Amino acid sequence: MKKRWKKSDVALLTLVVLFVVGCEDDTGPVSPGVDPLYPTTIVPLSPADLTALTNELHSRFPRVCSDLDEYGNPVRRNGLCFSTKGVGVDPDAPTAPLVDAAKAKIAEMSDFTGVLDPEGLVVRRIDVSRPTEFSKGFLTIRFENQCYEGLEVLSTQVMAWADSLGLIGVTGRHFLSIHLPKKRISKIIAKQLLAGTEIRWWDAVMREHTYIVEIDSFIDDPVLVIHPLEVIDTIELRYVWQFKVGEGDFYNWHIYIDVITGEFLGTRQLFNT
């Protein structure tokens, strides 16, 4: 994806971005890049620290079939662990007690999951796996994205697995602290910055198409969200406007722009091809 600009547009929009506040009244200056705390950045652990933290996880929670990725986030271990440690689940029994127990355990594991309050885990979907010759059966619980100070944090869905004795696996985590500068570019300026963005996509037979964002491409009001952006070997927690753009009811995308720097941060396709 790339953006096409006229020189006059670049000069005008750069000037505007430097002098627009985050509130919708567009008063006061914004100087992108001058806040030393933004964005909040997550860096990988050293091999020694990762090993020590993983050993601590296994020692404190021996029944939980999870390891840690390079950032210290829980990831599910292979299915063999479930088979050896799991005791199964009654597929016809109520799931609420098992879900509550799993949420409580995930919060108890806050040093690894970042979840401080079980109520911060909002269930999106529950699947019951019936016993087979290869598995004793378990619950798969998918939670919604984290909500931080009223903002959705993208890509933070925690997933858990539980049996009749409690939690047996977890993957994903929440972020404990995210720096959110108070001043930001308005959604009006953000739209102007995004106009002209080219979105490339491929259909079912791999033909390439290009959709160009115009001022009238925007659907509904945008929302402020936090977008964990992978940059080389770090994760930057970007404060962004999430717009919906497209045409008709099918060809739609979410498009993201940093509300502090005015950077275009990518798109997410909302339809299948």
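Residues are numbered from 1 along each chain as its sequence is written, and side-chain values use heavy atoms, with hydrogens and water left out. As the model is predicted, local features need pLDDT of at least 70 and side-chain atom pairs count only at pLDDT 80 or more, while totals for chains, interfaces and linings use all residues.

Pockets come next. Rolling a probe the size of a water molecule over the atoms shows where empty space is left. Here that was done on a 1 Å grid over the protein atoms alone: a pocket is an open set of points where a 1.4 Å probe fits, with protein on both sides within 12 Å along at least five of seven lines, and lining residues have an atom within 4 Å of a point. Grid points are joined across faces, edges and corners, and a volume is the space filled by probe spheres set on the points. The largest pocket holds about 330 Å³. Its lining has 17 residues, and those closest to the centre are Asn73, Ser155, Phe175, Glu230 and Ile235. Strands S3 (74-76) and S12 (218-231) each hand over at least two lining residues; strands here are DSSP runs of E, at least two residues, and helices are runs of H or I, at least four, both numbered from the N terminus. By type, the lining splits into 7 nonpolar, 6 polar and 4 charged residues, where Ala, Val, Leu, Ile, Met, Phe, Trp, Tyr, Cys and Pro count as nonpolar, Asp, Glu, Lys and Arg as charged, and the others, Gly among them, as polar.

The second largest pocket comes in at about 230 Å³. Its lining includes Ser155, His227, His254, Tyr256 and Arg268. S12, strand S14 (251-258) and strand S15 (264-269) each give two or more residues to this lining, and S15 has the largest share with 3.

On to the rings. Rings of Phe, Tyr and Trp (its six-membered ring) pair if their centres lie within 6.5 Å, and planes under 30 degrees apart count as stacked, over 60 as edge-to-face and the rest as tilted. That rule gives 11 aromatic pairs. One of them joins Trp241 and Phe243, tilted, with 6.4 Å between centres and 45° between planes. Both partners are buried, Trp241 at 4% relative accessible area and Phe243 at 1% (buried is under 20%, exposed over 50%, partly exposed in between, with a 1.4 Å probe and protein chains only). Phe250 and Phe271 make another tilted pair, at 5.1 Å and 45°. Phe250 sits in the loop between strand S13 (234-247) and S14 and Phe271 in the segment after S15, so this pair ties together parts 21 residues apart in sequence. Phe250 is partly exposed at 43%, whereas Phe271 is buried at 5%. Ring pairs also link Trp201, Tyr211, Phe250, Tyr251, Trp253 and Phe271 into a cluster.

Most residues other than glycine have a negative phi, and most peptide bonds are trans. Tyr38 and Pro39, however, are joined by a cis peptide bond, with omega about -5°. Ser155 has a positive phi, near 60°, and is exposed at 61%. Met206 also has a positive phi, near 65°.
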